[in-house]
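Visitor: I'd like a quick tour of the ligand site and the helix beside it. Could you walk me through it?

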Amino acid sequence: MQKLKEKKSFLLDQREKKVKEQLSRIRHKLLVLSGKGGVGKSTVSVNIAVGLSLQDFMVGLLDVDLHGPSVPKMLGARDLKLTRKADGKVGPIKYSPNLKFVSIEPLLPSEDSAVIWRGPLKISAIQQFIGDIDWGELDYLVIDAPPGTGDEPLTVAQSIPDAYAIIVTTPQEVALIDVKKSIRFCQKVKMRILGIVENMSGFICPHCGKPIDLFKKGGGQKLAEEYGIRFLGRIPVDPRIVDSGDAGKPVIAAYPESPTAKAFEELVRTIVSATEEMKRDVEEGRYMRLVVPIKTPREIEPDPEKFDLFAVYDIENGKILVKDVVKKPEKQDLLDFLREQVATHILLFDPPKELADFFTQNGIRVLITDTTQTPPDDLLKEYLEEKRKQG
Ligand code: ADP
C-alpha cells in the first residue's frame, strides 16, 4: 500500500513538473477571470488574443472554461482537431501564423451538458490538460478561466502561479460585488492583478454604429481606483459582438473600423504596456515577493538544511500588502517551491556564497541579514524604511 501511495505522489510530482516546464517558455501569462459567468470573459479573452496576434506577438489562447468552452466557436474553428504528438504532448491548433489555441471542449462529454466529473477528477484533468500542451515559445498566453472563485479557477490559478489576472466585469452593482470576490481570490492565491476590464459599458447603436450612453458605466473604473488596481479599459455593448462571435470571427478582426474593435485595440495596447510595467516593477524593485525561511513567525531559520517554513511577503511601492506563512511540502525541491510562490527575493541569514549564488543564478535576488534576533517583520520594515530614505 505504501508503495502505491509513493508511486501516486511521484506521478503527481511528475505532472506538476511537466506543467512548469511547459509554461516556463512563455513570457507573459494572462489569466482572464470573472466573478460569475455571462459577463463576457470569453469574448474578452478571444478578442485580446486575436488583438495581440494582430500586433505580431506570438500568442496562445487556452480555454479552460469547463462551463462554457466557447473559444472554438468564437474563432470559427470547431472542426480543427488537436493533434497528439509522438511524445504524448498535445500540439495546439494553429489559428493563424502567430496565434495557436487549445480548448478543453473536446474533452467534455457534449456541448450542452454540464460537466459531471467529480471534484478531484476535475482538478487532475485540468492540471493534466494544462501540462500536456506544448506551446513552444510565446510572448503571451491568454487563459480563459472557469468563472467564479471556486475550486476550478483555483486549480487553474495554482497551475499557472506567475500569471497576471485580468478581471472582467460589467458596470452593475451586483457584478461589482463579484469583482471584490475575484480580488480576494487573487490575494488568496497570491496572483498579481493586471487590472479590471469593464465590459458591456455603454451601448453601440445597431443602426448608426455610434455609442449611446444607455446603460450605466464607470462602476468598474471606480472600483479599480478604490482598490488601487489598474483600469484597463471598457468595451461597449455591441450587437456585432454577438453576431461575429456566433459567426466565428471575433469583432476585432471582423469589424476593425468599428468603435468596439477600436476599444479592444486600445485595451490590447494598455495590456501590453501594463504587462511590461509589471515586469519592470520587479526588475526595478517596486514590487517584491519576498520569502523568508523561518523557525517561528518571529525568528529567521539560519540553517539551510532546515528550511521548511517560510514567511511570504508581497511588497509594492515600499508597502507590505500581504503576508502569509507557507510550509514547503517535505519532498518538494526548494527551488520548485520558490518558483511556485513566484518569489522574486529571498532573505537569508549570513548565507554561504554558493547558496546565495545559486538563488541569484535562478533569478531570485538575495537579501542578507546578519542577525537572527530581530523578527523578520521588523527587519523588513527597517529595510523598506532604509530604501525609502535612499529614494
Ligand atoms: P462569459 O465567458 O463571461 O460567460 P461570454 O463571453 O460567453 O461570457 O459572453 C456571453 C454572451 O454575451 C455571448 O453571447 C456574447 O456574445 C455576449 N457579449 C459579450 N460581451 C458583449 C458585448 N460587449 N456586447 C454585446 N454582447 C456581448
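Predicted model: local features only at pLDDT ≥ 70, side-chain atom pairs only at ≥ 80, totals over all residues.

Visitor: Which residues come nearest to the ligand?
Guide: There are 15 residues around the ligand. By class, that shell has seven nonpolar, six polar and two charged residues. The ones that come nearest are Gly38, Lys41, Ser42, Thr43 and Pro236.

Visitor: What share of the ligand's area does the protein bury?
Guide: Start with the backbone: an N or O atom of Val39 sits 3.1 Å from a ligand oxygen, and one of Ser42 sits 2.8 Å from a ligand oxygen. A polar backbone atom of Asp238 is 2.9 Å from a ligand nitrogen. Taken alone, the ligand exposes 560 Å², and the share of that buried by the protein is 79%.

Visitor: Which element supplies the largest share of the shell?
Guide: α2 (41-54), β9 (193-204), β11 (231-237) and α8 (239-247) each give at least two residues to the shell. The largest share, three residues, comes from α2.

Visitor: Is α2 roughly parallel or roughly perpendicular to α10?
Guide: The axes of α2 and α10 (residues 259-283) are 9 Å apart, at an angle of about 75°. Angles of 65 to 115 degrees count as roughly perpendicular, so α2 is to α10 roughly perpendicular.

Visitor: How many charged residues are in the contact of α2 with α10?
Guide: From α2 the contact includes Thr43, Val44 and Asn47, and from α10 it includes Phe264 and Leu267. By class, there are eight nonpolar and three polar residues, and the charged count is no residues.

Methods:
Residues numbered from 1 in each chain as written. Heavy atoms only, no water. Near = heavy atom within 4 Å. Polar contact = N/O pair within 3.5 Å; in protein donor to acceptor, adjacent residues only side chain to side chain. Areas by Shrake-Rupley, 256 points an atom, 1.4 Å probe, with all protein chains shown as cover. Helix = DSSP H or I, 4+ residues; strand = E, 2+ residues; numbered from the N terminus. Nonpolar A, V, L, I, M, F, W, Y, C, P; charged D, E, K, R; others polar. Axes fitted to C-alpha atoms, helices over the stretch in contact; angles between N-to-C directions. Parallel < 35°, antiparallel > 145°, perpendicular 65-115°, else oblique. Contact = heavy atoms within 4.5 Å.
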